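Please keep the sequence and the structure in view while reading.

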Amino acid sequence: MVFRRRDRRSVLRAIADFLYPKGGWTRAFHYVKHRVRRLPDSPERIARGIWAGVFTTFTPFYTMHFLVAFLIARVVHGNILAALMATFFGNPLTYVPIGFVSLKTGHFILGTNFEEGAARSFGGKFFDAAHDLFHNFGAIFSGGEPDWRGLSVFYHEIFLPYLVGGIIPGVITATICYVLSVPVIRAYQKRRKKQIKKKFDAIRKRAEVDPLPPPD
């Protein structure tokens with residue numbers, strides 16, 4: 001295939017690149033920022049796409065953020081590529097504070113308590129839910145007894161509070177990114193148009209000074 005890597009990465013290398021991309025997170029951030037600004041669309045549509053992508057990072061639908069960002073961008077009539085790239089806002093450096101704020105807010109809204117380390121850790125509840133899924137799937141074929149306790153705890157203590165609590169901070173953060181993005185993208189596009197026009201003017205002037213010889 002044309003776009004296949006020549007040097008196939010190992011699983012550990014892929015995980016390492018996800019946690020810390022080659023060149024560092026600063027370089028990755030500037031790359032995404034550069035690509036977003038060069039999108040051929042209006043500043044408002046690009047900013048609405050950014051809104052959708054940033055808001056998506058405050059949802060608990062891990063591994064499906066691209067799909068969620070795509071759907072939200074369609075609803076708000078935002079640029080879909082901008083939405084997909086804006087999911088970069090959620091990364092190993094930001095997921096911890098995003099998750100903490102979302103869970104705290106969700107438990108506050110629902111009137112429940114969020115106690116770190118109570119019974120099982122945050123990661124332990126994820127593990128218990130995944131274990132129940134695999135166990136219950138196997139029980140369909142083996143005739144075993146399904147067990148939903150881990151999933152029930154995960155839903156009530158993690159997923160539902162995260163889903164509810166991520167709305168307010170997600171809307172606030174996404175809106176701030178929208179407000180900041182519109183003038184920046186508009187200024188960048190105007191400067192880029194001027195640069196392109198300047199290049200075309202220079203080419204036209206050279207053509208007028210040194211016209212092509214007539215064909216034989």
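## Model and confidence

What pLDDT does the chain average, and what percentage of the residues score at least 70? The chain averages a pLDDT of 76, and 61% of the residues score at least 70; pLDDT is the predictor's confidence in each residue, from 0 to 100. Confidence is lowest in helix 1 (residues 11-19), with a mean of 49, and highest in helix 4, at 94.

The model is predicted, and local features need pLDDT of at least 70, side-chain atom pairs count only at pLDDT 80 or more, and totals for chains, interfaces and linings use all residues. Residues are numbered from 1 along each chain as its sequence is written, while side-chain values use heavy atoms, with hydrogens and water left out.

## Overall architecture

The chain contains nine helices and zero strands. Helices (H or I, at least four residues) and strands (E, at least two) are DSSP runs, numbered from the N terminus.

Of the 216 residues in the chain, 32% are buried. Buried means under 20% relative accessible area, exposed over 50%, and partly exposed in between (1.4 Å probe, protein chains only). Among contacts with a separation of 6 or more, 69% are between residues 24 or more positions apart; a contact means heavy atoms within 4.5 Å.

## Helix 4 and its surroundings

Helix 4 spans residues 65-75, and its buried residues are H65, V68, A69, I72 and A73. Seen down the helix axis, these buried residues fall within an arc of 130°, so they line one face of helix 4. The arc is that of the directions from the helix axis to the C-beta atoms. F66 and R74, on the other side of helix 4, are exposed. The cover over the buried residues of helix 4 includes helix 3 (43-56), helix 5 (80-86) and helix 6 (95-110).

T63 lies in the loop between helix 3 and helix 4; T63 is not a glycine, yet has a positive phi of about 70°. Its relative accessibility of 85% makes T63 exposed. H77 belongs to the loop between helix 4 and helix 5 and likewise is not a glycine, with a positive phi of about 55°. H77 is exposed, at a relative accessible area of 53%.

## Surface and a nonpolar patch

The accessible surface of the chain comes to about 15200 Å², with 67% belonging to carbon and sulfur atoms. Accessible areas come from the Shrake-Rupley method with a 1.4 Å probe; for residues, only the protein chains shown count as cover.

A nonpolar patch on the surface is formed by F108, I109, L110, I167, I168, V171, I172, I176 and L180, with about 850 Å² of accessible area together. Helix 6 and helix 9 (167-209) are the elements that give two or more residues to the nonpolar patch. The largest share, six residues, comes from helix 9. F108 lies in helix 6 and is exposed, with a relative accessible area of 70%.

S102 is located in helix 6 and is buried, at 0% relative accessibility. Not counting residues up to four places away in sequence, S102 touches F58, P161, Y162, G165, G166 and P169.

S181 is located in helix 9 and is buried, with a relative accessible area of 14%. Apart from its neighbours within four places in sequence, S181 is in contact with A47 and I50.

Note on methods. Patches are made of residues with over 30% relative accessible area and no salt bridge: like charges are joined within 9 Å, nonpolar side chains (Val, Leu, Ile, Met, Phe, Trp, Tyr) within 5 Å. A salt bridge is a side-chain nitrogen of Lys or Arg within 4 Å of a carboxyl oxygen of Asp or Glu.
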